[in-house]
Amino acid sequence: MIFSLPLPPSANRMYRRAGNIIHKSAEYRDWLVTAGWQLAAQCKGFNRINAPCAVELFAGKMHASRDVDSIIKPLGDFLQHAQVVTNDKLIRQWHVAADCDSVPRNTVMVTIREMGRDAA
């Protein structure tokens, strides 16, 4: 399965605190909705993955202060939220590259493969 999404908010910006309550930030909630619609438009009728899998992630140009590892957590959670994988703990391998010239700025290209089939 291959698709593109807008760059997720940093893992540090996924949640906010209001007193003693921790909740999803507005930025993260908005991204989940946008990414969900983009996924639905690109991947109709996919089979949900219920086995160990590998994810390749290529990010376009990002802000200079952005850490590449801050993409992994929100994307893994999204893949479970969007029911691409039954549980993000099934993602056993990540291959991540940033500032890829072939990917538009602030966009991520994602490839997911079940382990033991097409994944190494």
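Two strands pair if DSSP finds at least two bridges between them. The views below show a predicted model.

**View 1. Strand E1 beside strand E6.** Strands E1 and E6 run antiparallel and are joined by five bridges. E6 covers residues 107–114. One of the bridge partners is Val108 in E6, which faces Leu5. Strands of a sheet pair through backbone hydrogen bonds, either parallel or antiparallel.

**View 2. The four-stranded open sheet.** The strands follow the order E1-E6-E4-E5, and their pairing is mixed. Strand E1 (2–6) and strand E5 (91–97) are at the edges; each has a single partner strand, so one side of each lacks a neighbour in the sheet. From one strand to the next, the twist averages 20°.

**View 3. Helix H2 across the sheet.** Helix H2, residues 72–81, lies across E1, E4, E5 and E6. Strand E4 spans 53–59. Relative to E5, the helix runs at about 130°.

**View 4. Cys43 and Cys53.** The structure contains zero disulfides. Cys43 takes part in no disulfide, and its nearest cysteine sulfur, that of Cys53, is 14 Å away. A disulfide requires two cysteine sulfur atoms within 2.5 Å, so the 14 Å between the sulfur of Cys53 and that of Cys43 is too far for a bond. Both side chains can be viewed together with their burial: Cys43 is buried, with a relative accessible area of 12%, and Cys53 is buried, with a relative accessible area of 0%.

Notes:
Residues numbered from 1 in each chain as written. Predicted model: local features only at pLDDT ≥ 70, side-chain atom pairs only at ≥ 80, totals over all residues. Heavy atoms only, no water. Buried < 20%, exposed > 50% of the residue type's maximum accessible area, 1.4 Å probe, protein only. Helix = DSSP H or I, 4+ residues; strand = E, 2+ residues; numbered from the N terminus. Axes fitted to C-alpha atoms, helices over the stretch in contact; angles between N-to-C directions. Contact = heavy atoms within 4.5 Å.
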